Amino acid sequence: MKFATRLVNFQAAPKDPYQPSVTPIYQTSTFERETMDASGEFDYSRSGNPTRAVAERQLASLENGTHAFCFSSGMAAITAVTGLLRSGDQIVSDIDLYGGTCRLFSRVLNRSGIRAVYADALAPDAFAAHFTPATRLVHIESPTNPLFHILDIQRLAAAAHAHGALLSIDNSVMSPYLQNPLDLGADIVIHSGTKFLGGHHDVTCGAVIVKDEGLADQIRFISNAEGAALSPFDSFLLLRGLQTLKLRIDCQQKNALAVARWLAARPEVTRVFYPGIAADPAFSLHQRQASGPGSVMSFSTGSVALSKAIAESTRLFHIAVSFGSVTSSISMPATMSHASVPPELLAQRELPPDLVRVSVGVEDEEDLIADLDQAFERAAGLHPSTSATGV
Ligand SMILES: *Cc1c(COP(=O)(O)O)cnc(C)c1O
């Protein structure tokens, strides 16, 4: 079956005697046994819960994996993956990384003797030169956030495997509708389900998807031991959101292309970072490994004051961290989503202070453009010296 069909046709309530058409919220923390010796499929909701199990089977299928595990946040999902490591191990990660992931790698894992090294994975050979015998995990995002670099997933997976390391990829910006990294050689796919999977800014969740039995056993063990698995109610919200994933992204992507083209034509905009416009150097590689550019992009103006005024002048684009919701949002990564990047790493990475990130929702395309138009006009009026010249 095709993706659109799989999104809504799945076993919603396996073994439920009432055959409900929608997955019930099995709001129970424990499950009774018939006898002392006979444990059923479910025992305790930290270890397994029927509502969560449906969401997990669905995500495993959508990512072309064999097993998925749902967590209470994207960060909890990433933390579970790092549970595969032990003291003395090294993570090599691309430098254009979600701020919270940097914080976890450099300020929490370092306490357990796990070392994170960051380098620019746009240059795969120079990146692989950082691998050592201690490298057990190579972690990337593609497109990266917030600069929308496109990394060669197949090539980086091969490089990781040549050194006996696993490749994990955070696929939050794409969702399983647009990119399936397991098919490209990745070992582990991670999602912040808070973004596109949930899609309505009403649930915080995360997921880890694998296609290897041994890895699945390890993640299952870690999830149960650490206790950050997704609650039944949040699993229900995730399942509800997932069903419209394709509908939402088709609409958001169409709107995003219009917004990106409009932005690229504005004299105030010095650059648009989005793999959906042919001018972007990453365009062709992205087209080879994903089926669409998604609906998140960044742009720069060359002026922090102008960028700030634009973001504050929009009405339909709400100032908020996060992305992937049905409502459009706008943010400045340097002071918002990526403010958690440790200061010593800021010197190493490019995080332009004037960068504006836009997540495009399902509103009417003309309304969105009209809103940006009035915001740019208003901002240019407030900062006449910085507009038009781009300085
Ligand atoms: C938001 C985000 C996370 C963290 O997810 P939470 O659900 O907020 O914990 C991780 N990676 C990426 C790429 C994200 O955008």
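I count Ala, Val, Leu, Ile, Met, Phe, Trp, Tyr, Cys and Pro as nonpolar, Asp, Glu, Lys and Arg as charged, and the others, Gly among them, as polar.

**Basis.** I worked on a predicted model, in which local features need pLDDT of at least 70, side-chain atom pairs count only at pLDDT 80 or more, and totals for chains, interfaces and linings use all residues. I numbered residues from 1 along each chain as its sequence is written, and side-chain values use heavy atoms, with hydrogens and water left out.

**Entry 1: the ligand shell.** I found 13 residues around the ligand, the closest being Gly74, Asp170, Ser192, Thr194 and Lys195. By class, the shell holds five nonpolar, five polar and three charged residues. I took helices (H or I, at least four residues) and strands (E, at least two) as DSSP runs, numbered from the N terminus. Helix H3, residues 74-82, contributes the most to the shell, with three residues.

Entry 2: A polar backbone atom of Gly74 is 2.8 Å from an oxygen atom of the ligand. For Met75, a polar backbone atom is 2.9 Å from a ligand oxygen atom. Ser192 places a polar side-chain atom 2.9 Å from an oxygen atom of the ligand. On its own the ligand has 380 Å² of accessible area, of which the protein covers 92% (Shrake-Rupley method, 1.4 Å probe; for residues, only the protein chains shown count as cover).

**Entry 3: H3 with H4.** I fitted axes as lines to C-alpha atoms, for helices over the stretch in contact, with angles from 0 to 180 degrees between N-to-C directions. The axes of H3 and H4 (residues 99-108) come within 11 Å and cross at roughly 35°. With contact meaning heavy atoms within 4.5 Å, Met75, Ile78, Thr79 and Thr82 of H3 meet Gly100, Thr101, Leu104 and Phe105 of H4. The contact has four nonpolar, four polar and no charged residues.

**Entry 4: H2 with H9.** The axes of H2 and H9 (residues 232-242) come within 8 Å, crossing at roughly 35°, and the crossing is left-handed. Among the H2 residues in this contact I list Val54, Leu59 and Leu62, and among those of H9, Phe236 and Leu239. The contact divides into nine nonpolar, three polar and one charged residue.

**Entry 5: backbone.** I found a cis peptide bond between Ser142 and Pro143, with omega about -5°. The bond from Asn145 to Pro146 is also cis, with omega near 15°. Pro143 sits in the loop between strand S4 (135-141) and helix H6 (153-162), and Pro146 lies in the loop between S4 and H6. Asn64, a residue other than glycine, has a positive phi near 55°.

Key:
A residue is near a molecule or strand if one of its heavy atoms lies within 4 Å of it. A polar contact is a pair of N or O atoms within 3.5 Å; within protein, one must be able to donate a hydrogen and the other to accept it, and residues adjacent in sequence count only if both atoms are side-chain atoms. A crossing is left-handed if the near helix is turned anticlockwise from the far one by less than a right angle, and right-handed if clockwise.
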